[in-house]
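Visitor: Please take a close look at a single part of this structure for me. After that, I would like to see how the rest of the picture connects to it.

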Amino acid sequence: MNKITLSSLQALKQKGEPITVATAYDSTFALLQELAGIEAILVGDSLGNVLQGHGTTVPVTMEHMCYHIANVARGCQVPFIIGDLPYMSYATKQQAYENAAKLMQAGANMVKLEGGQWLCDTIAGLTERGIPVCAHLGLTPQSVDALGGFKVQGRDESAAQQLIDDAKAIAASGAKLLVLECVPQALAAKVTQQLSIPTIGIGAGVECDGQVLVMHDLLGLNPNFSPKFVKNFMPEGDGSVLGAFKAYVEQVKSRQFPTTQHSFN
């Protein structure tokens with residue numbers, strides 16, 4: 001199979017075929033996700049929670065991200081690799097340029113950053129320099145303290161309109177993907193319909209152009225963490241990791257996941 005590219009992901013949106021994304025942090029799980037047919041791997045700063053045992057993603061550094069991106073890139077050939085720019089690594093445009101270059105040199109095909117319209121100049125600058133950008137709106141984990149905790153975003157009319165405005169501005173600035181986390185299903189559907197770029201949902205309903213889950217969550221490895229949007233796919237994968245990844249792909253592709261049970265109103 002050929003390497004997945006941005007053009008591949010855009011074509012899936014145009015066809016109305018859901019895009020499958022999961023996190024991975026090492027070569028072994030990257031290969032298993034490739035074998036299962038997962039199209040994009042997010043090397044997320046969620047590694048701070050699931051690998052390092054932190055309560056937030058804030059302690060994750062550039063060194064951590066580059067190390068894990070390189071591990072994933074060595075483990076697979078086909079999936080599109082997205083690397084998170086960690087906390088305060090893109091506070092200025094110059095910081096963003098320098099740190100994005102490091103992630104790309106480590107093996108990422110795209111960098112992801114969190115935030116709204118204040119990032120438009122940075123996104124435009126990265127795009128002009130040939131670095132593809134994935135934006136992230138809704139619940140942005142790096143800002144969880146400012147948001148007052150892990151809560152659904154965009155529930156009132158003004159917050160919903162702000163998210164729509166941010167999404168349009170980000171896309172106009174050159175972002176090629178948009179992650180929507182923990183936003184009401186109807187709002188995510190509205191954003192998806194109004195953007196030409198693919199949206200990837202996590203706790204954002206079935207009408208996004210794709211879905212992403214943290215690997216440890218879809219494998220049921222976090223017994224003390226079970227938010228509404230998470231599903232354990234291990235039982236449906238006959239108890240094997242590869243089987244769980246395949247079940248995830250099948251249910252995302254057929255729009256059996258997420259259900260309303262995994263979404264917010």
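Guide: In this predicted model, the side chain of Lys231 makes a polar contact of 2.9 Å with the side chain of Glu236. The Lys231 side chain is also joined to that of Gln251, through a polar contact of 2.7 Å. Lys231 itself sits in the loop that runs between helix H10 (215–218) and helix H11 (241–253). Is this lysine buried or exposed? Its relative accessible area is 18%, and because the cut-off for buried is under 20%, Lys231 counts as buried. Leaving out residues up to four places away in sequence, the residues that Lys231 touches are Leu213, Asp217, Leu218, Glu236, Gln251, Phe257 and His262.

The C-alpha atom of Ala204 lies 8.3 Å from that of Leu187, a residue 17 positions away along the chain.

S7 and S8 belong to a closed barrel of 8 strands, ordered S1-S2-S3-S4-S5-S6-S7-S8 and paired in parallel. From one strand to the next, the twist averages 25°. Asp84 stands opposite Lys112 of S4. Helix H4 (residues 62–75) packs on the sheet, where H4 touches S3 and strand S2 (40–43). The direction of H4 makes about 155° with that of S2.

H4 also has a helix partner. Its axis and that of helix H5 (residues 93–106) come within 8 Å of each other and cross at roughly 25°. H4 is therefore roughly parallel to H5, since angles under 35 degrees count as such. The crossing of H4 with H5 is right-handed. On the H4 side, the contact is made by Met62, Met65, Cys66, Ile69, Ala70 and Ala73; on the H5 side, by Asn99, Lys102, Leu103 and Ala106.

Conventions. Residues numbered from 1 in each chain as written. Predicted model: local features only at pLDDT ≥ 70, side-chain atom pairs only at ≥ 80, totals over all residues. Heavy atoms only, no water. Pairing = 2+ DSSP bridges. Helix = DSSP H or I, 4+ residues; strand = E, 2+ residues; numbered from the N terminus. Axes fitted to C-alpha atoms, helices over the stretch in contact; angles between N-to-C directions. Contact = heavy atoms within 4.5 Å. Buried < 20%, exposed > 50% of the residue type's maximum accessible area, 1.4 Å probe, protein only. Polar contact = N/O pair within 3.5 Å; in protein donor to acceptor, adjacent residues only side chain to side chain. Parallel < 35°, antiparallel > 145°, perpendicular 65-115°, else oblique. Left-handed = near helix turned anticlockwise from the far one by under 90°.
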